[in-house]
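Please read it alongside the sequence and coordinates.

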Amino acid sequence: MPDNEQTLPKTKLSDLILKTQYIKEISLKTPDAPHIFTNMPSSPNLTVTVDVNAQQLIEGEANFDVTVFISCVSTNQNSQDEDAVTIFSLHLQYAALVTFPALETSNLEELLMVNTPDLLFPEIRNIILNTTKDANLPPVILQRIDFYNMWKEKKRNYL
């Protein structure tokens, strides 16, 4: 029996319609403010975690809400004996409403989980950079995120 993905047509990226993009939620916490500003490390540790979720708005229609979750946590390790002090934690949910000409497509999941986040990434990077910079924190300039490998790894973990 042939695989369903092979019998369905493939949707071109140019057929993806990005209706709008928006901030669903953003939070920035500087738990040790104002004290952290008197002893700001020159190169703090930064941990970035990323996830993507896509949700169909109405069953049977080709409209989706795609959300990219990004968490940036910056810490300073004062000494070998002490716990790390959190400089800031920034959490962003950035989303888009997208639609396709048809729901029956062989590459729908890739369009939602890889291509749409790629389209959103420049604005996500700007929001994170401007938020940290405007808060007088070490600016966070995100490097390109490989959403394709992230998606493949996520699929592999669910099998």
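Which residues does I23 touch, not counting residues up to four places away in sequence? I23 touches L92, Q93, Y94 and I127, where contact means heavy atoms within 4.5 Å. This is a predicted model, in which local features need pLDDT of at least 70 and side-chain atom pairs count only at pLDDT 80 or more, while totals for chains, interfaces and linings use all residues. Residues are numbered from 1 along each chain as its sequence is written, and side-chain values use heavy atoms, with hydrogens and water left out.

**Strands**

I23 lies in strand β1, the strands (E, at least two residues) and helices (H or I, at least four) being DSSP runs numbered from the N terminus. With a relative accessibility of 43%, I23 counts as partly exposed; here buried means under 20% relative accessible area, exposed means over 50%, and partly exposed lies in between (1.4 Å probe, protein chains only). Between I23 and E110 there are 22 Å from C-alpha to C-alpha, for a separation of 87 residues in sequence. S89, in strand β4 (residues 85-99), is by contrast buried at 11% relative accessibility, and the residues that S89 touches, leaving aside those up to four places away in sequence, are S27, L28, K29, C72 and V73.

In the loop between β1 and β2 (45-56) lies P34, and the peptide bond leading from A33 to P34 is cis, with omega near 0°.

**Salt bridges**

Side chains of opposite charge can pair when their charged atoms come close. A search of the whole structure finds five salt bridges, a salt bridge being a side-chain nitrogen of Lys or Arg within 4 Å of a carboxyl oxygen of Asp or Glu. Among them are the pairs in this table.

| Pair | N to O distance |
|---|---|
| K24 and D65 | 2.7 Å |
| K155 and E109 | 4.0 Å |
| E153 and R156 | 2.8 Å |

The side chains of K24 and D65 meet in a salt bridge, and this pair links distant parts of the chain, with K24 in strand β1 and D65 in strand β3 (residues 63-76), 41 residues apart. K24 is partly exposed at 39%, whereas D65 is buried at 7% relative accessibility.

For the salt bridge of K155 and E109, K155 lies in helix α3 and E109 in helix α2, so the pair ties together parts that are 46 residues apart in sequence. K155 is partly exposed at 30%, as is E109 at 37%. E153 and R156 are separated by about one helical turn, because they are three residues apart in helix α3; E153 is partly exposed at 36% and R156 is exposed at 52%.

**Helix α2 and what follows**

The 27 residues of α2 (residues 108-134) should span 39 Å at 1.5 Å a residue, and the end C-alpha atoms are 38 Å apart, which agrees; the expected span is 1.5 Å times one less than the number of residues. Just after α2, N136 takes a positive phi of about 60°, in the loop between α2 and α3 (147-158), and N136 is exposed at 57%.
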